[in-house]
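Please read these notes beside the model.

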Amino acid sequence: MASIPLVMTLGNSMFIPVLPILERKVGISSFQSSMIITSYSIAAIFLIPVAGYLSDRFGRKKVILPSLTLALLGGLIAGFASWKLEAPYTWIIIGRILQGIGASGAFPIVLPLVGDLYKDDDEKTSSCLGIIETSNTAGKVLSPILGSLLAAFLWFFPFFSISIFSFISIILIYFFVKVPKDKNDPIKIKEFLNNTKKTFKSEGNWLFTVFLVGTFVMLVLFGVLFFLSENLEMVHDLMGIKKGFILAIPLFVLCITSFITGRKIKGVLPTMKKIMICCLIVLSVSVCFVGYTSEKLILLLIVTSIVGMAIGGLLPVLDAIVTENIEKEKRGTITSFYSSARFIGVAAGPPIMSLVMNDADAVNISYITAGVLGLLFLLIVIKLIKVEEIEN
């Protein structure tokens, strides 16, 4: 199961260090290159809830395997266009949209699948979700290194590599993941809509809070990564594999924190809320300094690593709160809305940063704004995530 978030993360994050190369090779602007990330995410945003419903109705594995196949095909289209066409940008975007459609039915469905497999053991569920989120963040650590390495060999090879990784994941899921049989009849669309409406009505306060925080966290993460990738080349003259290793430092911190957090929370809601509060405070303060340290590499890496640590603490907590506190019949749908919220942040981060990063004042203002938003979400978490209500 952990292969899926790894592949889906590589499918997006691996292109962040490669974007400046794509700009030169394809002859596109910084904003156009950011669309290579955003097109993938936008496709996923709208289709994830559909995939969630289909997984509740027909089964998790029956949705995951075709979705991984679409991701494989998308990589082949984008890679072949880059290799053979003189103006490949449109076909690259088409391939990326197809990969995004595949992503909508892969990683988001893993979360409810974990809940299905360990439905009577919150500690195992939290631990497994921690491993899943660690795999996701491990993909982010490997992404800049692997992307830079593959692009140094052939600049379009990262597109083909996603197809290879997707094929490996298909084999692993097909042979090694045994989904428990559901003895209940598949839920009908009208009943599904009514149940979803009731869930949001009864659990809406804490659910929407988790969704908002998930969106904010991914917006900050991908905005910072895009900025850092461009900054390392333009300001510090670092390119290729060396740039990939440096870009991986804050992501490595994120990965380690995510793994530790997943092991420690053990399904205990009061602990989760305390971690959310602490991480939002750290994130809100540290992100304000990203722009101000942009010309001092060591300070920049320290600040972005602190940002990564805060995000690494938040992600497994958000996953666990949603997955462990929603009934199995509704789990796929609700977690899919949560995943869509995260993809909104992924989609928005790079283009927003591409529009402001040529103006130092605008960069600083954008990061300070992110810090203020973080404190606002902190207040919302304190007020609306009430442990006793969720547990009941």
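1. Asp 237 sits in the loop that joins helix H9 (189-234) to helix H10 (240-265). Helices here are DSSP runs (H or I, at least four residues), numbered from the N terminus. Asp 237 is not a glycine, yet its phi is positive, about 55°. The residue counts as exposed, at 60% relative accessibility; exposed means over 50% relative accessible area, buried under 20%, and partly exposed in between (1.4 Å probe, protein chains only).

2. This is a predicted model, in which local features need pLDDT of at least 70, side-chain atom pairs count only at pLDDT 80 or more, and totals for chains, interfaces and linings use all residues. Residues are numbered from 1 along each chain as its sequence is written, and side-chain values use heavy atoms, with hydrogens and water left out.

3. Phe 167 belongs to helix H8 (residues 157-176). Together with Ile 164, Ile 168, Ile 171, Leu 172, Tyr 174, Phe 175 and Phe 176, Phe 167 forms a nonpolar surface patch of about 830 Å² accessible area.

4. How many disulfides does a search of the whole structure find? The search finds 0, a disulfide being a pair of cysteine sulfur atoms within 2.5 Å. For Cys 128, the closest cysteine sulfur is that of Cys 255, and it is 15 Å away, so the two are too far apart for a bond. Cys 288 is in no disulfide either, as the nearest cysteine sulfur, in Cys 279, is 16 Å away.

5. Is Cys 128 buried or exposed? Cys 128 is buried, with a relative accessible area of 12%. Cys 288 also counts as buried, at 18% relative accessibility.

Key:
Patches are made of residues with over 30% relative accessible area and no salt bridge: like charges are joined within 9 Å, nonpolar side chains (Val, Leu, Ile, Met, Phe, Trp, Tyr) within 5 Å. Accessible areas come from the Shrake-Rupley method with a 1.4 Å probe; for residues, only the protein chains shown count as cover. A salt bridge is a side-chain nitrogen of Lys or Arg within 4 Å of a carboxyl oxygen of Asp or Glu. Helices (H or I, at least four residues) and strands (E, at least two) are DSSP runs, numbered from the N terminus.
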